[in-house]
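Here is a short report on one protein model and its ligand. Keep the sequence and the 3D view open while reading.

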Amino acid sequence: MTYDLDYPEIRDAVAKLCSGFSGAYWRDCDRAQAYPAEFVAALTEAGYLSALIPEEYGGLGLPISAGCAILEEIHRSGGNAAACHAQMYTMGTLLRHGSDAQKRQYLPSIADGSLRLQAFGVTEPTSGTDTTALRTTARLEGDSYLVNGQKIWTSRAEHSDLMLLLCRTTPRDQCAKKTDGLSVLLVDMREVRGKSLTIRPIRAMMNHATTELFFDDMPVPAANLIGEAGKGFRYILSGMNAERILIAAECIGDAKWFTETAAAYAKERTVFGRPIGQNQGIQFPIAKAYAGMRAAELMLAEAVRIYEAGGSAGEEANLAKMLCADASWAAAEACLQTHGGFGFAEEYDVERKYRETRLYQVAPISTNLILSYIAEHVLGLPRSY
Ligand SMILES: Cc1cc2nc3c(=O)[nH]c(=O)nc-3n(C[C@H](O)[C@H](O)[C@H](O)COP(=O)(O)OP(=O)(O)OC[C@H]3O[C@@H](n4cnc5c(N)ncnc54)[C@H](O)[C@@H]3O)c2cc1C
């Protein structure tokens, strides 16, 4: 087992694949808020989206560090893996908590790309971060659940066949703990889309294919319940360390793109008869962003090391997500400032990447909630909410 984030061959191959998708490609998608279908197809075809699926189900069977290398390279190349990254971490919930029959039925098709598992429906408009207050219900009738309610920010629902859905199967007031009574369903959206499932796209600050979903007596076979009814919150939590680690790797990729792009521009752009990069006022923010990225990268490596050794990586995964998101944001600021007015011009890609990396201060978990986790679970301070 490997504990580092290296994988030079995978990185080279991913970078080569990404070089076929230029800034112009990403700008066109961004402008039209169009899904980068060709890019996702190329990644799928090359097998990268099945990197973490075990070989017995047709995947590459690689550890999470390889997933990090793939996602980081995509972001470092100027692209964005948000169109497809969820496949890597939602699949883990099915792998860890699904039955043998479910794994045999779905994982090989996910691995070969014929079935897309890109959607993850947790957040709701009224409950927000307070997940256990969610209101979407699933009621067992015969051999099907009937789902009613609403989700928001369910990204990629229009570009996915399957969705992992968290909903309440026992009313909160009938549960000993508020974290009980929630269940995870694997929804085959192909059967219900446009009928009992309505999907409405949300235009957002960046091109993210995100949507809101409405369920009106949406039938889901009882056989598609993942694990045990009522234990869904635990299953979702168990996948969160992987999600944080993989998103942190994307942030490192962004931070590298921003520092490399800023340094290259600072060497070329001449004002007052010398390159702007000769001024310490330009050098220092880029150098500082680089230092922040390297430190965050070490925390990410530590989170990966503990995760791959089977340890409890909650603290490190949270710290890595926060520090890497902060590093990418600081690098984005330095890069935009280095470019002066040109940083705002679409053709430089800086403003697009700037908008894209801003998301990671809020999603999939906001910085405040990570700080609350550290305060409560690491420092032993009283729970604040
Ligand atoms: C582009 C995009 C894509 C997304 N994709 C998905 C997806 O695919 N699936 C999915 O389920 N969700 C998705 N999300 C939702 C995302 O996970 C949430 O937006 C995020 O968790 C924050 O929840 P909220 O927006 O409801 O904010 P709220 O819970 O309303 O919080 C608002 C602000 O208050 C702060 N806050 C709340 N409570 C506290 C507290 N106790 N202490 C301190 N600060 C607090 C938060 O940190 C935040 O800054 C996506 C969001 C976006 C914007």
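## Model and numbering

This is a predicted model, in which local features need pLDDT of at least 70 and side-chain atom pairs count only at pLDDT 80 or more, while totals for chains, interfaces and linings use all residues. Residues are numbered from 1 along each chain as its sequence is written.

## Domains

The protein chain is assigned domain 1 (8-111), domain 2 (117-233) and domain 3 (234-378). Such bounds come from an automatic or database domain assignment. The centres of domain 1 and domain 3, taken over C-alpha atoms, are separated by 20 Å.

In the contact between these two domains, 25 residues of domain 1 meet 23 residues of domain 3. Contact means that the C-beta atoms of two residues, placed from the backbone, lie within 7 Å. On the domain 1 side, helices H2 (23-32), H4 (64-76) and H5 (86-97) each supply at least two residues. H4 gives the most, with 10 residues. Helices (H or I, at least four residues) and strands (E, at least two) are DSSP runs, numbered from the N terminus. By class, the domain 1 side has 9 nonpolar, 10 polar and 6 charged residues. Ala, Val, Leu, Ile, Met, Phe, Trp, Tyr, Cys and Pro count as nonpolar; Asp, Glu, Lys and Arg count as charged; the others, Gly among them, count as polar.

## Ligand shell

Which residues come nearest to the ligand? Of the 23 residues around the ligand, they are Val122, Gly128, Thr129, Trp153 and Ser366. A residue is near a molecule or strand if its C-beta atom, placed from the backbone, lies within 6 Å of it. Strand S1 (117-121) and helix H11 (367-378) are the elements that give two or more residues to this shell. H11 gives the most, with 3 residues.

The shell has 11 nonpolar residues, 12 polar ones and no charged ones. Domain 2 and domain 3 both give residues to the shell, so the ligand lies between them.

## Nonpolar core

The largest nonpolar core has 113 residues. Such a core is a set of buried Ala, Val, Leu, Ile, Met, Phe, Trp, Tyr and Cys residues joined through C-beta atoms within 7 Å. Leu185, Ile245, Leu300, Ala320, Cys324 and Ala331 touch the most other members. Helix H7 (residues 232-268) gives the most to this core, with 18 residues.

Take Ala331. Leaving out residues up to four places away in sequence, Ala331 touches Ala255, Phe258, Thr259, Ala289 and Met293.

## Packing of H4 on H8

Two packed helices are described by the angle between their axes and the distance between the axes. For H4 and helix H8 (residues 280-308), the axes come within 9 Å and cross at roughly 145°. Axes are lines fitted to C-alpha atoms, for helices over the stretch in contact, and angles run from 0 to 180 degrees between N-to-C directions.

Ile64, Ser65 and Cys68 in H4 meet Val304, Tyr307 and Glu308 in H8. The residues of this contact divide into 4 nonpolar, 1 polar and 1 charged.

Helix H1 (residues 8-19) holds Ile10. Not counting residues up to four places away in sequence, Ile10 touches Ala66, Ala69 and Ile70. Ile10 is partly exposed, because 19 other C-beta atoms lie within 10 Å. The classes are buried at 20 or more other C-beta atoms within 10 Å of a residue's own, exposed at 12 or fewer, and partly exposed in between, with C-beta atoms placed from the backbone.

## Backbone exceptions

Most residues other than glycine have a negative phi, and most peptide bonds are trans. Tyr7 has a positive phi of about 50° although it is not a glycine. Tyr7 is found in the segment before H1. Is Tyr7 buried or exposed? Tyr7 is buried, because 22 other C-beta atoms lie within 10 Å.

Phe272 is found in the loop between strand S9 (270-271) and strand S10 (274-275). Phe272 is exposed, with 8 other C-beta atoms within 10 Å. The peptide bond from Ala363 to Pro364 is cis, with omega near -5°. Pro364 is found in the loop between helix H10 (350-358) and H11.
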